[in-house]
Amino acid sequence: MSNYYFMNFQQPAIINISPHFAVRHKVSLDILRLDLIHPVISGNKWYKLKYYLQHAIDNKATGIATFGGAFSNHILAAACAAQINGLKSFGIIRGEKPKLLSHTLKNAVQYGMELYFISRKEYDNKEMVKERLKDKDLFWIDEGGYGTDGAKGASEILDGAAFDKYSHIVVAAGTGTTFAGLIKKIKPHQQVIGISVMKNNYSLREEINSLLNNNERKKNFRLFHDFHFGGYAKNNDKLINYMNIVYESSDMPLDFVYTAKAFYGLQKLTEEDFIPSGSKILFVHTGGLQGNLSLPKGVLKF
Ligand SMILES: *Cc1c(COP(=O)(O)O)cnc(C)c1O
């Protein structure tokens, strides 16, 4: 039986930064740079995929199949992780096939992924799609890697290094799988803060709860819905300027879909004293920088 290729890997770097707001409000701020662990399988996706790919290997599946949009970090990560592990990959993509493939999808194809474009209506009926590809003997992974095995993999983000010293751990939440993984691992003196990147996605709380057991549901975590900048994958000049300022002051590139909104939320929560002075904050940089390729050239200074 072979193991997931990445089973043994180096702990990601932790980098201390001191932006003005952190100095002014007397908090320490460390960044867990998951964006640096692999050039393609960015950040949290690596952890979320781990047990799914392990199951695919153990079940002797010929490949994996999963779902996503045209700019999905998950789709690209799944393609690359599958190829490294000798598995085929199939991406079920929401919407009509465009004349020009996005950077994300082009790269996914380069990593051997076979793409199926389906209408939004069909996309909502996942069983029908699965039925169509039934004889390919595939292991299916939910959109965004959502699920208990995804959360189990994500919980390993907090394995290994000395994380006990932090009082607050902050992360972006899409499906909430990574957030749930962190909740599993925190100690009683710690709080995890999730910044939802979608607009009014209030069902997220329940989706996160269903990845947790009874004890984990009582842990200290908070979800915020105020920092979506108009909705999922939406951006504006304010967000783009903010990303440039963070890069210039702290040498940290952010992506506009997830980490920029989460980091902005972290700053606001610190300025509003929700995160009080004296706190030791760990911001989990979940990667996703390839998504910035969909922005017009030149708007970012990195
Ligand atoms: C996918 C992704 C997330 C969201 O992770 P979930 O586990 O779905 O909440 C956060 N940040 C980045 C950069 C991502 O690519």
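Predicted model: local features only at pLDDT ≥ 70, side-chain atom pairs only at ≥ 80, totals over all residues.

Student: What makes Y242 and Y264 an edge-to-face pair?

Tutor: Two values decide it. Rings pair if their centres lie within 6.5 Å, and planes over 60 degrees apart count as edge-to-face. The ring centres of Y242 and Y264 are 5.1 Å apart and the planes stand at 85°, so the pair is edge-to-face. Y242 belongs to helix α11 and Y264 to helix α12, 22 residues apart, so the pair links distant parts of the chain.

Student: Why are Y242 and Y264 called buried?

Tutor: Buried means under 20% relative accessible area. Y242 has 9% and is therefore buried; Y264 has 12%, so Y264 counts as buried too.

Student: What makes the length of α12 agree with what a helix of 13 residues should span?

Tutor: The expected span is 1.5 Å times one less than the number of residues. For residues 259–271 that gives 18 Å, and the end C-alpha atoms are 18 Å apart, so the two agree. Just after α12, D273 takes a positive phi of about 70°.

Student: How many aromatic pairs does the structure hold?

Tutor: The structure holds 15 aromatic pairs. One of them joins Y232 and Y258, at 6.0 Å centre to centre with 70° between the planes, and is edge-to-face. Y232 is in the loop between β9 and α11, and Y258 is in the loop between α11 and α12.

Student: What makes K152 lie over the face of Y51?

Tutor: The charge must be within 6 Å of the ring centre and within 35 degrees of the ring normal. K152 lies over the face at 4.1 Å from the ring centre of Y51. R94 lies over the face of Y123 at 5.4 Å.

Student: Which backbone atoms lie by the polar side-chain atoms of S102?

Tutor: The backbone oxygen of A70 is 2.5 Å away, and the backbone nitrogen of L105 is 3.1 Å away. S102 is in the loop between β4 and α4 and, at 10% relative accessibility, counts as buried.

How values were computed. Residues numbered from 1 in each chain as written. Heavy atoms only, no water. Helix = DSSP H or I, 4+ residues; strand = E, 2+ residues; numbered from the N terminus. Buried < 20%, exposed > 50% of the residue type's maximum accessible area, 1.4 Å probe, protein only. Polar contact = N/O pair within 3.5 Å; in protein donor to acceptor, adjacent residues only side chain to side chain. Phe/Tyr/Trp six-rings, centres within 6.5 Å; stacked < 30°, edge-to-face > 60°.
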